[in-house]
Amino acid sequence: MNRVLLAVYPEPHRSRQGEELLGCLAEAYPGRSWPPPREFVALVRGGVRARARAVVDDTGRPWWLDGIHLTALALAALALVPYLQDVWHWALRIDPGMHAIAFRFSGWYPWAQGPGTRTRLLPYGLLPLVCLVALLRGKAWIALPAAVAMVCAGATFNTTTLFGDEGKVGMGYYGLGAPITARDLALSGALVAACAVLAARRPGRLRRHSYRWLVPVALAMFVAGGLHITAVSPAFQRGLFAVEVGALLAAWVATAATGDYRWLVPVAVFALVRTQAIVDRPNWFMASLPDLVVLLLLIAPLPVLVIAAQRRQDRALLGH
């Protein structure tokens, strides 16, 4: 299992030092498939730093363009999360019954009709999924129309029948902040803006990520669909909270290691989208955490990242 841990490091690093690192782990912790928690955290932190330095060393694109690309990826993933179960069930033609995502079941295919509901053609979650896959491969011209469709679907949730009622009338999710539904256009609008900027650039300027990054997405869909974990369940909320905090910590580690500001862009947009959801949250939604705590969690990373980047740059200047 130590080889799985090596996946945190970039491929050139694994090729040069992978076997040496595995040998050190086997010698230091004989008979263990995983290192102790402290060593595990140190290795993950080292992997994040190595990947961050590899990104900064690649000068094929400006830092701000990479920051906007990361922002679009984060927003697409954020929009997809509440509909993991929905997309999984639709793809495998599974009727979740009472486990639908707190919405009325309206059928997974055009010929399926639920009692008292309208037939829909597609699940809403396909739109952010298309965005995510296209952005991973650096194809913003594919992601842009999908993001525009998200805005249209949210703006016409009460009249369109393309997606039925699923994913637009009921609850979204909490995580770090208030629930976000598809008709909340702050997230989808920001995604459209980011995709438009990326689409205006030459496709070769965008970073292309491996399809391997979709493995965690497929695993999350399998878990949510197989266990019927909906966006309003306590297990889902705890898991989403942990993922979002982990992403913020990774951004801090990357910024502190490189002194680069590109990771500040997605963190800032994430904070704006989440803060807007807290401000506009309907009264009948139950908060997962006190608003003041959530706002501090959202806003505090911004100055922390700026200070970390500035300190790294100052040390680099002193070193020269």
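This is a predicted model: local features need pLDDT of at least 70, side-chain atom pairs count only at pLDDT 80 or more; totals for chains, interfaces and linings use all residues.
User: How many helices and how many strands does the protein chain have?

Analyst: Read from the N terminus, the elements run α-α-α-α-α-α-α-α-α-α-α-α-α. The secondary structure therefore comes to zero strands and 13 helices.

User: What percentage of the residues in the protein chain is buried?

Analyst: A residue counts as buried when its relative accessible area is under 20%. The protein chain has 320 residues, and the buried share is 43%.

User: What share of the contacts with a separation of 6 or more joins residues 24 or more positions apart?

Analyst: Contact here means heavy atoms within 4.5 Å. Take the contacts in the protein chain with a separation of 6 or more. Residues 24 or more positions apart account for 75%.

User: Which elements give two or more residues to the positive patch?

Analyst: On the surface, a patch of positive charge gathers Arg45, Arg49, Arg53, Arg311, Arg312 and Arg315. The elements giving it two or more residues are helix H3 (37-57) and helix H13 (301-319).

User: Is Arg49 buried, partly exposed or exposed?

Analyst: Arg49 lies in helix H3. Its relative accessible area is 35%. Buried needs under 20% and exposed needs over 50%, so Arg49 is partly exposed.

User: Where does Arg207 lie, and how many residues separate it from Asp66?

Analyst: The side chains of Arg207 and Asp66 meet in a salt bridge, 2.7 Å from N to O. This pair links distant parts of the chain. Asp66 is in helix H4 (residues 63-80). Arg207 is in the loop between helix H8 (185-199) and helix H9 (215-226), and the separation is 141 residues.

User: Why can side chains of opposite charge pair?

Analyst: The rule used here asks for a Lys or Arg side-chain nitrogen within 4 Å of an Asp or Glu carboxyl oxygen. In general, such side chains can pair because their charged atoms come close.

User: What is the relative accessible area of Asp66?

Analyst: Asp66 also forms a salt bridge with Arg262, 2.7 Å from N to O. Here Arg262 sits in the loop between helix H10 (234-258) and helix H11 (264-279), 196 residues from Asp66. Arg207 is buried at 13%, and Arg262 is buried at 3%. Asp66 is buried too, and its value is 4%.

User: Which residues are linked in a network of salt bridges?

Analyst: Arg207 pairs with Asp66, and Arg262 pairs with Asp66. Asp260 forms a salt bridge with Arg262, the closest N and O atoms being 2.7 Å apart. Asp260 and Arg262 are both buried. The network links Asp66, Arg207, Asp260 and Arg262.

User: How many salt bridges does the rule give?

Analyst: The rule requires nitrogen and oxygen within 4 Å. Pairs that meet it include Arg207 with Asp66. The count is four.

User: Which residues is Val217 in contact with, leaving aside neighbours within four places in sequence?

Analyst: Val217 lies in helix H9 and is buried, with a relative accessible area of 16%. Its C-alpha atom is 8.7 Å from that of Ala77, 140 residues apart along the chain. Leaving aside neighbours within four places in sequence, its contacts are Leu80, Leu129 and Leu132.

Terms used:
Residues are numbered from 1 along each chain as its sequence is written. Side-chain values use heavy atoms; hydrogens and water are left out. Helices (H or I, at least four residues) and strands (E, at least two) are DSSP runs, numbered from the N terminus. Buried means under 20% relative accessible area, exposed over 50%, partly exposed in between (1.4 Å probe, protein chains only). Patches are made of residues with over 30% relative accessible area and no salt bridge: like charges are joined within 9 Å, nonpolar side chains (Val, Leu, Ile, Met, Phe, Trp, Tyr) within 5 Å. Accessible areas come from the Shrake-Rupley method with a 1.4 Å probe; for residues, only the protein chains shown count as cover. Lys and Arg count as positive and Asp and Glu as negative; His and the chain ends are not counted. The place of a charge is taken as NZ of Lys, CZ of Arg, CG of Asp or CD of Glu.
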